[in-house]
Structures are given as structure tokens and as C-alpha cells.
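Open your viewer and get ready to select residues by number.

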Amino acid sequence: MKTKDYLAGFYKGTKGPTLEAIEYFMEKLDYPQKKLNIVHVAGTNGKGSVCEMLSTVLEQAGYLVGEFMSPHVIRFHERIRVNHKEISEDELEKLTNQMKPFVESYNQTHDVKVTLFEIETAMAFMYFVKKECDIVVLETGLGGLVDCTNVAEPIVSMITSIGYDHMDILGNTIEEIAFQKAGIIKKNSETIFVHGEPSVNAIIEETCKKKNNVLHEITKNDWTTPTYEEGYQIFDYKDQKQVKINLKGAKQVENACMVLEAISVLQNKGYVISKEAIEQGLKKVVHKARFEQIYENPTIIFDGGHNEPAIRNLKQTINQYYQNKKKVYVVSILQTKDYKTVVKELMEDTEAIFIFTNGTKQQDEVKCYVKKEDLYAEALKYRTINLYMSSLEEALQTCKREYKDRIVFVVGSFYTYKEVIENLKKGENV
């Protein structure tokens, strides 16, 4: 059986809160996670951007950097990378074959079967050990406390902004969600966090105190309002002046401050990271599917934001760069998301055109989208004009043909990225 077919047979969602399966694998594999220097990253939004920025800087500093992230936007192999090079098909097959007997043994003795994320997390640890990575940037899948990446023993933990998402699993209050995210805080380590809501701050601070964990708490007074030049955002962070980042949006400045703080922690632990490496890394970093321009004439920008905080950040970024431009939104949202809130937030752009779609053709139990009719009906609560429904492919072709005078935003789900890119190439000389 091909590796792709074998892995496709496992449940791709999240099961009940337990680390039992991943702990079983770690024991069988001689605890690979204990052989790695890990930076562990959790949070509702901003995890991917923080991981990309930190990984790029560390790579510029000459280190061999393992990176484990999700979701992928084109193919599965993106989730496991070393110095931004994806794991090869051959390497993935070898790791899968190594995992098979342990997976079969576990499934034979447990009612709740192994998930794909548990398998890929175990394989990532194995791969990074095999590659002798100097450091690993590890992104949680969901939550933190019982996320299977939480078998890691990080040298530093990072918790990005916390908001309402995955409430069916993480809890119905911001405090319950924060408690889950704080689960990555480990004894005798260090944690980086941006000061936010008082109740969330209290949970992070108390957890660090209990764990004898050094908390590096960043406040909004630690950075300056950014200026803009040649596509860069430029700001000061503490004593670091004129920091330039390639990623757009005010929230990315906050994310970059977390990265700068993490670099300082790593430098104190003996990592040699020059000012030049920091500058080049932050200027070079590219983060797919996060306010990424993917087409010209018309300008089409993809952003995978799919919850209330992410959509608010998206709106803020749009106002920064395209406030006076006419806009079109192509919207697809997974059923697991709070689509009503997302639609409500987007409807505040009263001059825009909206096209609602069902998402991708390649749907499975994870990628099950809200029907375009339901999105349309929700939008009708706020307006009756400039609302349309179509397939994703038809929406994109319509935008290319009819809306060259507008900025097009494809939003609501990372999982549409591959199909969007493929559709935009149709009829093009590529």
C-alpha cells in the first residue's frame, strides 16, 4: 500500500483529550522528543507566523532547524520540514513503515484508535532526531494541555494571542481556552506571552509560578507603532531599533516581538544569532496563505483566517493597505467554525461584493464546508445587494474576468488554498 493511501485511512480530526497514544509511541521509539531542543508554540492565532519567522531567523543564523506545522496548504509533506525543505516521499515512507507495527499494536488493544496527527507528530520527532536538528520549532495542533505535541520538553514555550476557537473541544470561556493553551508551560523552563485580557494573564502567570517557569511578558508599550516602507513594516522593540518585517498587518508586529524575545532567550542559552541573521530572517520570511498575494490583475489575496479574532485582524490589515479600494470577498467556511460570527464581521464592509462558495471539491470528514446557501442566508440578515453564490472555481474565474478594478480576498479556510492556486492557473501560461 502506498504511504499516501495508508495515512489517508486514519481519522484526521481530534479525539477525546488524552496523550495515551503519543506517550505509547514515544516509549516504543526510545523517547525521540527528549533528544531535541524544542521551542513549543501554542495559541489561537499567530502560531504559524511566529513559527515561520523564528525558523527563518534561526536558519539564517546557520542552524539546522526542524519545523512541524499544520495545516498544510498544498501537500502533507509541508508539515515536516528541515530548513524549509519538506520531508521527501522516500523518507516519509520509511518513517511510516517504522510506525506501522506500533500503530497496529496500539489499535488492537484500545477502543479509541490512533489519529493521523498522532502518527505524524511521532514521525516528526523521529525525523528531526535522524536529521540531527540543532533546534526544532514545534506548533501545537489544537490547544496545548492534551495536544499530542505536549510530550515535548521545550527549552522555551511561546503562547500567541488567545481567542474563541475550537470551543467544542477547548471550552466555552476564554479562561477555559487559556487553561488549555497554558498546558505547554513546563517546569523549570521559560515562556513568552503578550499581555492581554486580565483573566488570561492571570492564568498564564499563575501557571508559570506553579511550574517555576520564567515568564517573559510582553506589553504593548514594548513596541512602537509601525511605519511602512517598500513593503516592510518598521518598528522598535525595546532597545532594538528599526526592525523590518516582511509580513503585513499590525498583528504581525506583535508576533515579531514574540520572536525577538524568543531569540533573546535562546541567545542567553548559548545560541549564536547575529543582528544580521535577525534582520535577514525577518525581511525574507514568507508565510503562505496568510494575507498572501497570489495573483495580479486583478490583485487576489488569500488569507486563511477562520475565526473572529483572525477576521478582525484581517479587516484591520485590509484597512491598512486597501482602505480606499473596491473589494470582493470569496468566502468558504468549515462547518466546525463559527460561520455566523465570521459572516457578521465581513458584512461590515458595506461597499464590497461577496461570493459564497461550498469550499473545495476534495472534501473529507475534516474539510466539510458550510453550504453556500447557508452562508448566503446569514449574509441576508445584514444586506440584500452584492451577494452571490457559486462554486469556488466559478467565483475565481468571475473575479479574473469581471473584477479587475477591485481587490479580491479569498478568505475563511486554509484548506481551499491548493484548489484556489490551481484554478487561478487555468488558462495561464505557467
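In which loop is Asn188 found? Select it and look at both sides: Asn188 lies in the loop between α7 (174–181) and β7 (190–194). Keep in mind throughout that this is a predicted model.

**Stop 1: two positive phi angles**

Stay on Asn188. Its phi is near 55°, a positive value in a residue other than glycine. Is Asn188 buried or exposed? Asn188 is exposed, with a relative accessible area of 60%.

Now select Gln242. This residue sits in strand β11 (residues 240–245). Gln242 is not a glycine, yet its phi is positive, at about 55°. Gln242 is exposed, and its relative accessible area is 55%.

**Stop 2: a cis peptide bond**

Select Asn297 and Pro298. The peptide bond from Asn297 to Pro298 is cis, with omega near 5°. Where is Pro298 found? Look in the loop between β12 (292–295) and β13 (300–303).

**Stop 3: a buried leucine**

Move to helix α3 (residues 47–60) and pick out Leu54. Leu54 is buried, with a relative accessible area of 0%. Which residues is Leu54 in contact with, leaving aside its neighbours within four places in sequence? Show Val39, Val137, Met158, Val259, Ala262, Ile263 and Leu266.

Leu54 and Glu67 are 13 residues apart in sequence. From C-alpha to C-alpha, Leu54 and Glu67 are 9.9 Å apart in space.

**Stop 4: helices α12 and α13**

Two packed helices are described by the angle between their axes and the distance between the axes. Select helix α12 (residues 339–346) and helix α13 (residues 372–379). Their axes come within 9 Å and cross at roughly 50°. That angle makes α12 oblique to α13. The crossing of α12 past α13 is right-handed.

Which residues make the contact? On α12, show Tyr339, Lys340 and Val343. On α13, show Asp374, Leu375, Glu378 and Ala379. Colour them by class: the contact of α12 with α13 has four nonpolar, no polar and three charged residues.

Stay with α13 and show Lys372, Leu375, Glu378 and Ala379, which are buried. Look down the axis of α13: the buried residues fall within an arc of 125°, so they line one face of the helix.

What do the buried residues of α13 pack against? Select β14 (327–331), α12, β15 (353–356) and β16 (387–389) to see their partners.

**Stop 5: helices α14 and α15**

Here is a second pair to view. Select helix α14 (residues 392–402) and helix α15 (residues 417–425). How far apart are their axes? The axes are 10 Å apart, and the helices pack at an angle of about 45°. That makes α14 oblique to α15. α14 passes α15 in a right-handed crossing.

Now show the side chains where they meet. From α14 come Leu392, Glu393, Leu396, Gln397 and Lys400. From α15 come Glu419, Val420, Asn423 and Leu424. By class, the contact of α14 with α15 has four nonpolar, two polar and three charged residues.

Terms used:
Residues are numbered from 1 along each chain as its sequence is written. This is a predicted model: local features need pLDDT of at least 70, side-chain atom pairs count only at pLDDT 80 or more; totals for chains, interfaces and linings use all residues. Side-chain values use heavy atoms; hydrogens and water are left out. Axes are lines fitted to C-alpha atoms, for helices over the stretch in contact, and angles run from 0 to 180 degrees between N-to-C directions. Helices (H or I, at least four residues) and strands (E, at least two) are DSSP runs, numbered from the N terminus. Angles under 35 degrees count as roughly parallel, over 145 as roughly antiparallel, 65 to 115 as roughly perpendicular and the rest as oblique. A crossing is left-handed if the near helix is turned anticlockwise from the far one by less than a right angle, and right-handed if clockwise. Contact means heavy atoms within 4.5 Å. Ala, Val, Leu, Ile, Met, Phe, Trp, Tyr, Cys and Pro count as nonpolar, Asp, Glu, Lys and Arg as charged, and the others, Gly among them, as polar. Buried means under 20% relative accessible area, exposed over 50%, partly exposed in between (1.4 Å probe, protein chains only). The arc is that of the directions from the helix axis to the C-beta atoms.
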